[in-house]
Amino acid sequence: MAKKDYYEILGVSKGASAAEIKKAYRKKAIEFHPDKNPDDKGAEAKFKEAAEAYEVLSDADKKARYDQFGHQAFENGGGGFGGGGMNMDDIFSQFGDIFGGGFGGGFSGFGGGGGQRRVKGSNLRIRVKLTLEEIANGVEKKIKVKRKVQAPGTTYKTCSTCNGSGQVTRITNTILGRMQTSAPCNVCGGAGQTIDKKPADADAQGLKVAEETVSIKIPAGVVDGMQLKVSGKGNDAPGNGFSGDLLVAIEEEDHDTLQREGDNLHYDLYVSYPDAVLGTSKEIDTVTGKVRIKVEAGVQSGKILRLRGKGIPSINGYGKGDLLVHVNVWTPKTLNKQQKEFFESMRDDEHFSPKPESSDKSFFEKVKDMFS
Ligand SMILES: [Zn+2]
């Protein structure tokens with residue numbers, strides 16, 4: 001099934017500004033909000049669809065990728081962004097931004113019959129930059145996070161609107177007669193309690209911002225753009241609610257000499273003409289330190305030396321990638337008179353005339369080998 005265009009979903013043009021996109025999303029989110037449309041699966045789907053569109057179009061990076069590649073931009077790997085993978089927590093974490101932090105106690109998730117609901121705090125998002133070495137070996141990062149915590153001294157009382165049930169019932173007249181419907185109480189957000197007393201430095205929900213050092217265990221093999229979740233390290237919820245999550249987006253730093261391709265790494269090795277002719281050994285970088293490798297006499301430019309298991313561990317735990325060392329023979333650009341005479345004299349020498357053997361595979365055959 002073809003996915004709908006994100007711009008179409010929000011009803012904006014491709015040239016829409018960030019402010020226009022935000023405004024359009026806000027309108028859709030209010031229109032299709034599940035609290036306003038209880039038990040309406042169609043509205044819930046539209047609500048999720050709009051949230052997914054906004055997730056992409058509100059992020060300059062993702063928007064640029066979407067503009068260039070369409071939905072395909074998020075289909076191949078790339079971790080947990082976009083692509084229909086959003087859950088309600090993710091959607092509500094956008095609301096801090098969209099609704100200025102105050103959406104009543106409504107950061108709560110849906111569904112589930114009547115009665116009191118435990119309110120969930122909003123999620124926080126951070127980015128963590130990792131070196132290739134950190135990605136290869138796994139790392140524990142200690143990050144300072146500013147999160148909303150319950151302000152000491154805040155007390156709660158039973159919500160007078162719903163009498164603590166978290167639900168309000170409404171009588172509506174329909175063509176079938178009078179109908180009674182129940183919906184979450186919008187005074188307490190369904191929690192059944194409201195703030196009684198709070199200290200002066202707390203916000204309307206009895207929360208205040210505090211800095212906390214959070215330890216984040218990052219497994220080996222993560223990929224740029226991937227998102228990790230640290231449960232309970234987002235913002236606290238008021239009262240008896242539970243805390244939101246900390247969503248950690250992985251950013252991979254470029255390496256000076258190694259290029260990553262999936263779990264494999266590539267390294268360009270330059271050898272001098274005499275080294276290629278006579279053979280040598282060379283020190284190269286790996287993600288676990290330097291290693292010395294042997295370069296055989298008569299090595300050809302374009303040869304690929306494969307160091308098995310010297311790549312990145314698979315995030316799924318299935319083995320490790322390889323390090324592929326690409327040999328480049330450096331041809332001198334200038335020669336002195338004596339050197340020039342030497343090479344002139346070798347022009348017709350049979351040792352210098354190319355005689356490719358089957359082991360000196362063409363470039364395309366080597367590429368085929370790499371993926372087999
Ligand atoms: Zn209430």
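The buried residues of helix α4 pack against α1 (6-10), α2 (18-32) and α3 (41-57). Contact here means heavy atoms within 4.5 Å. Helices are DSSP runs (H or I, at least four residues), numbered from the N terminus.

This is a predicted model: local features need pLDDT of at least 70, side-chain atom pairs count only at pLDDT 80 or more, and totals for chains, interfaces and linings use all residues. Residues are numbered from 1 along each chain as its sequence is written, and side-chain values use heavy atoms, with hydrogens and water left out.

**Helix α4**

Helix α4 spans residues 60-69, and K62, K63 and Y66 are buried in it. They cover an arc of only 100° around the axis, so they sit on the same side of α4. The arc is taken from the directions from the helix axis to the C-beta atoms. A60, D61 and Q68 are exposed on the other side. Buried means under 20% relative accessible area, exposed over 50% (1.4 Å probe, protein chains only).

D59 caps the N-terminal end of α4, with a side-chain oxygen 2.9 Å from the backbone nitrogen of D61. Just after α4, G70 takes a positive phi of about 70°.

**Zinc site**

The zinc ion has four protein donors, C159, C162, C185 and C188, each through SG, at 2.3 to 2.4 Å. Donors are N, O and S atoms within 2.8 Å of the metal (3.2 Å for Na, K and Ca). Their spacing along the chain is C-x2-C-x22-C-x2-C. The 4 donor atoms subtend angles of 102 to 115°, so the arrangement is tetrahedral; the cut-off is all angles between 85 and 135 degrees.

| Donor | Relative accessible area |

Conventions: Four donors count as tetrahedral if all angles lie between 85 and 135 degrees; four count as square planar and six as octahedral if opposite donors are over 155 degrees apart and all others between 65 and 115; anything else is irregular. Helices (H or I, at least four residues) and strands (E, at least two) are DSSP runs, numbered from the N terminus. A polar contact is a pair of N or O atoms within 3.5 Å; within protein, one must be able to donate a hydrogen and the other to accept it, and residues adjacent in sequence count only if both atoms are side-chain atoms.
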